[in-house]
Amino acid sequence: MNLSIEKGKLISVLGKNGIGKSTLLRTLSRVQKSISGTIYFESKNLSEYSENELSKKLSLVLTERLPESQLTVFELIALGRQPYTNWIDTLSETDLEKVNWAIAQTEITHLKDNRFYELSDGQLQRVLIARALAQDTAVIILDEPTAHLDMHQTINIFSLLQKLVQQTQKTIIISSHEINLALQLSDEIILLTENNIQFGTTTQLISKDAFENLFPNNLLKFNKSLQQFVINKA
């Protein structure tokens with residue numbers, strides 16, 4: 001793999017189950033060590049960042065369940081300010097502004113006083129994205145943020161991420177099984193297969209026939225004119 005990701009893009013990591021999407025994102029976010037090679041963030045080796053430095057550059061939204069607590073939505077989002085707060089975690093005026101801005105951006109003002117365990121999966125996903133926004137990093141990485149959502153909520157989350165990229169110029173990298181949606185809304189795609197890794201816009205990858213053999217059977221077929229996978233009725 002040899003690629004460069006530009007600022008202000010929505011990047012989707014696509015591929016079938018078990019191909020390594022989550023492994024790639026965990027490596028990019030330094031949750032796990034790389035098997036080989038080097039990752040550079042703003043021309044600096046990722047391994048050279050301290051934990052605090054990296055937490056001000058990159059935020060992460062994983063699919064793991066949150067531990068039980070009595071935190072409100074506001075308090076959970078405010079945890080995104082931990083890299084900036086003092087040793088007793090006192091929120092400054094700037095911190096509060098960032099938290100309230102994140103709440104407004106994700107359109108969850110009406111939920112801020114709720115306990116987070118009272119939320120639906122779709123609402124909680126917005127809260128976790130808001131926490132990452134409050135962290136105010138250049139890059140946000142999300143691993144399968146729509147995994148437990150219905151179609152309506154899935155489209156809402158993708159649309160929200162697309163809007164955030166356009167309005168904040170942050171770089172958002174997302175892994176997803178929602179291939180058709182990702183093809184429509186992403187600026188660029190990282191496509192993982194057993195034989196190679198391809199990177200580019202949807203149009204560029206289609207021109208290379210990158211999606212023709214993504215799935216091993218004939219049930220799904222890629223329709224170039226629609227730029228979507230469709231059920232093969234033949």
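Biologist: Where does Val230 lie?

Modeller: Val230 lies in strand β10. A strand is a DSSP run of E with at least two residues, a helix a run of H or I with at least four, and both are numbered from the N terminus. This is a predicted model: local features need pLDDT of at least 70, side-chain atom pairs count only at pLDDT 80 or more, and totals for chains, interfaces and linings use all residues. Residues are numbered from 1 along each chain as its sequence is written, and side-chain values use heavy atoms, leaving out hydrogens and water.

Biologist: Why does Val230 count as partly exposed?

Modeller: Buried means under 20% relative accessible area, exposed over 50%, and partly exposed in between (1.4 Å probe, protein chains only). Val230 has 27% relative accessibility, so Val230 is partly exposed.

Biologist: What makes β9 and β10 a pair?

Modeller: Two strands pair if DSSP finds at least two bridges between them. Strands β9 (residues 220-223) and β10 (residues 228-231) have four bridges, in the antiparallel sense. Val230 is the bridge partner of Lys221.

Biologist: Why is Lys170 called buried?

Modeller: Its relative accessible area is 8%, which is under 20%, so Lys170 is buried. Lys170 is in the loop between α6 (151-168) and β6 (171-175).

Biologist: What makes the link between the side chains of Lys170 and Asp136 a polar contact?

Modeller: A polar contact is a pair of N or O atoms within 3.5 Å; within protein, one must be able to donate a hydrogen and the other to accept it, and residues adjacent in sequence count only if both atoms are side-chain atoms. The contact from Lys170 to Asp136 is 3.1 Å, so the distance is within 3.5 Å.
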